[in-house]
Amino acid sequence: MTDQATTGADLSRLRELNSLTVVRALRDQPPTTVTELAGLTGLSRPGVDVIAQGLVAGGWAEVVEPGASSTVGRPARRYRFRATAGYVIGIDVGAHKILALLADLDGNVTHTVRRSVDADADPSARLAALDEIVAVTLEESGKSASEIWAVTIGVTGPVDASGRTTLFTPLPGWRTVDLAAHLSDRFTCPILVENDCKLAALAERWRGTASDADDIVFVLGGMRTGAGLIIDGVLRRGFGGAAGEIGALKAVRWLAAPAHLQKCPGVPATVTPDDAAAWVFNAARDGNRDARTAVNRYVKDLAVGTAALVLALDPQVVVFGGGFSRSADLVLDPLRRELQKLCLRVPDVRASTLGADSVALGALRLALNEVDQRLFSAGLSAPVAPRRDV
């Protein structure tokens, strides 16, 4: 009697694993026939046919109707993963803005909400702005919190295992903020917190300029300079979340690099410190000698820290991102020349193609990774938002 019960449990688990195998294949493919799924999974065609119909009934897959151009014979039924079974949210909580992206389980962005925030805002004001943006995102998209399967928030500063920026952060008072706890009253799904540079690196590999690379150094260029690292295709956080924070070493001159732009002679008094860099880059394009000098000095300082990371990690690609990447036409060539002087091997140096959305897109990717990890480790039931571990 015990043997029969054990056998029944084993067969049930085998069916579950086979279903997961088909779902995983559907996740990575365009609409696919049963025959194609059998070839991809190694399962029998009759078995895949039964599984596919069960996945449709369970809400995990949907049938794609053949196009009107099909004229010869009866076209084979095709299946695709039902990406609208759930949704994820990626949020960039920056010094000057909060950006939220909502996407389906294929990563298709279906709604965007962006709001400005005062750089000097205290934690309560910034969290209030975050709450408003989350509420607007759900309301305008017509989604409920129960339909969200994972949320990731990108913040400035190294993020430790607790999801806090305890080492340092330029956001006033932010070291004491527990974002996951703050959002737990609204969401029951997993809530992840990660450093903005690391998320930007993840986004560049997912949908940006480094999609062909497994070893990437992402350099954030702006009024703050930082880095995110992907090695062997894996986002590297380090033991305490501070991997890539080479700018903390004053000798690499990253801390002072943006000052060359802010203090450039000739910047009009009417230009705010936050806009000074844009003025200098524009003036450099117009041939202003002081502006060109300031840009060159900025690049020389940027190259020191970049070279240290290149020498330590030997990446395939260095991505220059952040706000200053809008002026990559003035930065990339001199940066390559400086790296030639400092490095044994110069990687391919590219400009970000994702702009100001890179952190939020990386947050989406990390949220999708969390969904996949839980989906393929916990097994299938009806599609419902995964809950946090308690």
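Mentor: Let's start with a definition: the expected span of a helix is 1.5 Å times one less than its number of residues. Keep in mind that we are looking at a predicted model.

Trainee: Thanks! How far does helix α4 reach from its first C-alpha to its last?

Mentor: Helix α4 covers residues 123-141, which gives it 19 residues. At 1.5 Å a residue, the expected reach is 27 Å, and the model comes close to that. From first C-alpha to last, α4 reaches 27 Å.

Trainee: Now for another pair: are α2 and α3 roughly parallel or roughly perpendicular?

Mentor: Helix α2 is residues 34-41 and helix α3 is residues 45-58, and their axes lie 9 Å apart. The two pack at an angle of about 110 degrees. Angles of 65 to 115 degrees get one particular name, so α2 and α3 are roughly perpendicular.

Trainee: What classes of residue make up the contact of α2 with α3?

Mentor: On the α2 side, the residues are Val 34, Thr 35, Leu 37, Ala 38 and Thr 41, and they meet Arg 45, Val 48 and Asp 49 in α3. By class, that contact has four nonpolar, two polar and two charged residues.

Trainee: Which residues does Asn 18 touch?

Mentor: Asn 18 sits in helix α1, residues 2-27. Leaving out residues up to four places away in sequence, Asn 18 touches Leu 43 and Ile 51.

Trainee: Last one: what share of the protein's residues is buried?

Mentor: Step back to the whole protein, with its eleven helices and 13 strands. Its C-alpha atoms fill a box of roughly 85 × 45 × 45 Å along the principal axes. Of the 390 residues, the buried share is 49%.

Notes
Residues are numbered from 1 along each chain as its sequence is written. This is a predicted model: local features need pLDDT of at least 70, side-chain atom pairs count only at pLDDT 80 or more; totals for chains, interfaces and linings use all residues. Side-chain values use heavy atoms; hydrogens and water are left out. Helices (H or I, at least four residues) and strands (E, at least two) are DSSP runs, numbered from the N terminus. Axes are lines fitted to C-alpha atoms, for helices over the stretch in contact, and angles run from 0 to 180 degrees between N-to-C directions. Angles under 35 degrees count as roughly parallel, over 145 as roughly antiparallel, 65 to 115 as roughly perpendicular and the rest as oblique. Contact means heavy atoms within 4.5 Å. Ala, Val, Leu, Ile, Met, Phe, Trp, Tyr, Cys and Pro count as nonpolar, Asp, Glu, Lys and Arg as charged, and the others, Gly among them, as polar. Buried means under 20% relative accessible area, exposed over 50%, partly exposed in between (1.4 Å probe, protein chains only).
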